[in-house]
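User: Could you take a close look at one part of this structure for me? I'd like the geometry spelled out, and then a tour of some other spots.

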Amino acid sequence: MENKEVKKSFLSAQVDLSKFNAGNFEKATDDEKRQQDVMGESTTFLKDGLRRLRKNPLAMGSIVVLVAIILVILVAPHIVPYSYDEVITVNGQRDKTMTNLSFMCYSDKELAYMEETGEDLFPHIFGTDGLGRDYFIRVIYGTRVSLAVGIVAAIMVVLIGIVYGSVAGYFGGKVDLIMMRIVDIIYSLPDMLIIILMSVVLKEVLQGKLVGTVLDRLGTNMISMFIVFGLLYWVSMARLIRGQILTIKNNEYVLAAKCIGTSNRKILTSHILPNCLSVIIITTALQIPSAIFTESYLSFLGLGVSIPLSSLGSLANDARAGMQSYPARLVIPAVIICLIVLALNLLGDGLRDAFDTKLD
Amino acid sequence: MSEEKYLLEVEHLKQYFPVKEGFSKVPLKAVDDVSFAIKPGETLGLVGESGCGKTTVGRTLLRLYQPTAGRITFDGEVLFDSEKKIDVDMQLYRKKMQMVFQDPYSSLDPRMTVEDIIGEPLDVHKLYSSKAERRDKILSLMETVGLNAEHAMRYAHEFSGGQRQRIGIARALAVNPKFIVCDEPVSALDVSIQAQVVNMFEELQEKLGIAYLFIAHDLLVVRHISDRIAVMYLGHIMEIADSDELNENPIHPYTHSLLSAVPIPDPNIARQSKRIILEGDVPSPLKMPSGCPFRTRCPYAQEDCAKVMPALKEVSPGHSVACHHIEDISRIKKGVLLN
């Protein structure tokens, strides 16, 4: 077909190019060309997720609450001059009016002492307990223990779960079958019963062997709880990771890595695990409150930390006796447990929304 | 021509996958007795409908799957021989044989920058001595496939399908391979982008002398890029011939029907041409028909087709067909033409 000259309609708004010649046009300079390149900021997965997290008021509120709690429990023991196991004395003398003090109150002897010397004693912010110990510092230490237990247990669960789950998921087949049946068996064991039995056995075995270590202060109950966490609680994590890896390993980029000649270990660590990182972060955040909760109700049952160390659960348990007269002593640890667990749960949810791109 | 040395030779390759059926395990014959050879710098097109085992052939060649039986020879070295029990460690050959994947969206790790994706084969095979050399190599690879050097620090999700496929190609080229399996590299792309990518494959072949096994279900694309074409059906190669020869003189009834399904751009000609529509469904690879796998849908099938699987027979130099009734079919075809 020949290129026919099309007659221009007089209504057409098209620019008539025949009126122009080459002189009418000017070549764009390099600078002008560059103006056309619109380059968005290159974002990484992490930046993108954090940006979304920052928009979530609940998650940000939770972070603020958690940071505040952590700051207080880190700083407070350096400011408050009392110790968690110290019965308050004035000039080395005990005082009957020292026990069961209310908020910000002083005992008779303390008042007399302050009047005599003109020196200001540090107030008992939450009052004192039935033995005359400063309740505020006990709550601080209780929160420390509870959070530490939660974080350590969660890390343990996550580590074991990742290793076990990724091996089972990646190698699949018979390996997977056997490993997952073991998980099923462990899943069916009653965890409470094992914690109780374990703490009884460990008490016998470890008697006097731990003196002077941190573990001694925590007590055999806590050690058995850690052991049981390590033995039993990783199974749900392992299942989750395995499921993730089963889906990720079927992606073509894993096949491409195999085709390149990347070793199995490298494929796991550099391709598969980074891609289920969001799930790992989220479940860790959700695992901490569950560990704190377990510790709290074990302590409440009297299976938790050994006296005189406190945890939020054991504080609540101690307060049970005077529930009617001194309800604040039960309410304070309960509220702190609620705050921590709620904040971590909300943060976990926020992290999932921000990092789990599958929901987009 | 057949005296020339082959780069890759595949003989009687079989790939069965065990599939559970109740309590017993049944082999799924994804690839059953496939033989072909590729010369250096040549492109062999592999066509067939979905599920016929094209991709499996490609992946088995690269030993991403352990072949059930057969013999693979690459560059004069036997990589796998089920009879002589030769099973070479592939790590050395990963540098010489590479693969470009079908889906540019799932074949790139979303957590890696382009630089790391292209650099991964360099890392694995330690193909550089300094960080600067690594970067130079990556940038020159990006240039080869037509990507901007500024894109090196970006993530795969920031690119379009065509660009992503270029990244995948750059990754395959990073080790300087002699042979690339292209597993439907353009089927996930738009037609205009397909042309760009196919042309790039051709340019790269000219420049670097790479041989391709080009897997596709689009006959037009395969016809454009391939020197020779093999037609697969249910794990068997039915016909193999030079690209033009297959186009002008198809013999196997399955090839006929495939060719008649190629869309014709001119509607006037399209209206006159007759489409051969096959009847029935593709049989399940778990319950393969006896004898010739195509007999259940073949318009020329006779009793003896059910007994023996026809072997590939050379009808003219370089043109082989697996069919018992080649003469009958060509006679009938001529009759049709005379009428």
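Which word describes how α6(A) and α9(A) lie to each other?

Analyst: Happy to. This is a predicted model, in which local features need pLDDT of at least 70 and side-chain atom pairs count only at pLDDT 80 or more, while totals for chains, interfaces and linings use all residues. Residues are numbered from 1 along each chain as its sequence is written, chains are lettered from A and ligands numbered from 1 in the order in which they are written, and side-chain values use heavy atoms, with hydrogens and water left out.

Now to your pair. Two packed helices are described by the angle between their axes and the distance between the axes. Helix α6 (residues 173-187) and helix α9 (residues 220-248), both of chain A, pack at about 140° with their axes 9 Å apart. Helices here are DSSP runs of H or I with at least four residues, strands are runs of E with at least two, and numbering starts at the N terminus. Axes are lines fitted to C-alpha atoms, for helices over the stretch in contact, with angles between N-to-C directions running from 0 to 180 degrees. The word you want is therefore oblique for α6(A) and α9(A); angles under 35 degrees count as roughly parallel, over 145 as roughly antiparallel, 65 to 115 as roughly perpendicular, and the rest as oblique. The crossing of α6(A) and α9(A) is left-handed, a label used when the near helix is turned anticlockwise from the far one by less than a right angle, with clockwise giving right-handed. On the α6(A) side, the residues that meet α9(A) are A:Asp176, A:Met180, A:Val183, A:Asp184, A:Ile186 and A:Tyr187. Their partners in α9(A) include A:Leu231, A:Leu232, A:Trp234 and A:Val235, as well as A:Arg239 and A:Arg242. Contact means heavy atoms within 4.5 Å.

α9 of chain A turns up again around α11(A). The buried residues of α11(A) are covered by elements including α5 (135-171), α9, α10 (252-260) and α12 of chain A, together with α2 of chain B. Those buried residues are A:Ile267, A:Leu268, A:His271, A:Ile272, A:Leu273 and A:Asn275, where buried means under 20% relative accessible area, exposed over 50%, and partly exposed in between, using a 1.4 Å probe and protein chains only. The 12 residues of α11(A) (residues 264-275) should span 16 Å at 1.5 Å a residue, and the end C-alpha atoms are 16 Å apart, which agrees. The expected span is 1.5 Å times one less than the number of residues.

From there, follow α12(A). The axes of α12 (residues 277-300) and α13 (residues 312-319) of chain A come within 7 Å and cross at roughly 30°, with α12(A) passing α13(A) in a right-handed crossing. A:Ser296, A:Ser299 and A:Phe300 of α12(A) make the contact with A:Gly313, A:Ser314, A:Ala316 and A:Asn317 of α13(A). Also in α12 of chain A is A:Leu286, which is partly exposed at a relative accessible area of 26%. Not counting residues up to four places away in sequence, A:Leu286 touches A:Leu344, A:Asn345, A:Gly348 and A:Arg352.

In chain B, the axes of α2 (residues 114-124) and α3 (residues 131-144) come within 10 Å and cross at roughly 115°. α2(B) and α3(B) are therefore roughly perpendicular to each other, and α2(B) passes α3(B) in a right-handed crossing. Among the residues that meet there are B:Ile118 and B:Leu122 from α2(B), and B:Ile138 and B:Leu141 from α3(B).

Further along chain B, helix α5 (residues 191-208) has 18 residues and reaches 25 Å from its first C-alpha to its last, close to the 26 Å expected. Buried in α5(B) are B:Gln194, B:Val197, B:Val198, B:Met200, B:Phe201, B:Leu204 and B:Gln205. They cover an arc of only 155° around the axis, which puts them on the same side of α5(B); the arc is that of the directions from the helix axis to the C-beta atoms. The face turned away from that buried side carries the exposed B:Ser192, B:Glu203, B:Glu206 and B:Lys207.

Two backbone spots are worth a glance. Most residues other than glycine have a negative phi. B:Arg63 has a positive phi near 60° and is buried, with a relative accessible area of 10%. B:Asn176 also has a phi near 60°, but B:Asn176 is exposed at 61%.
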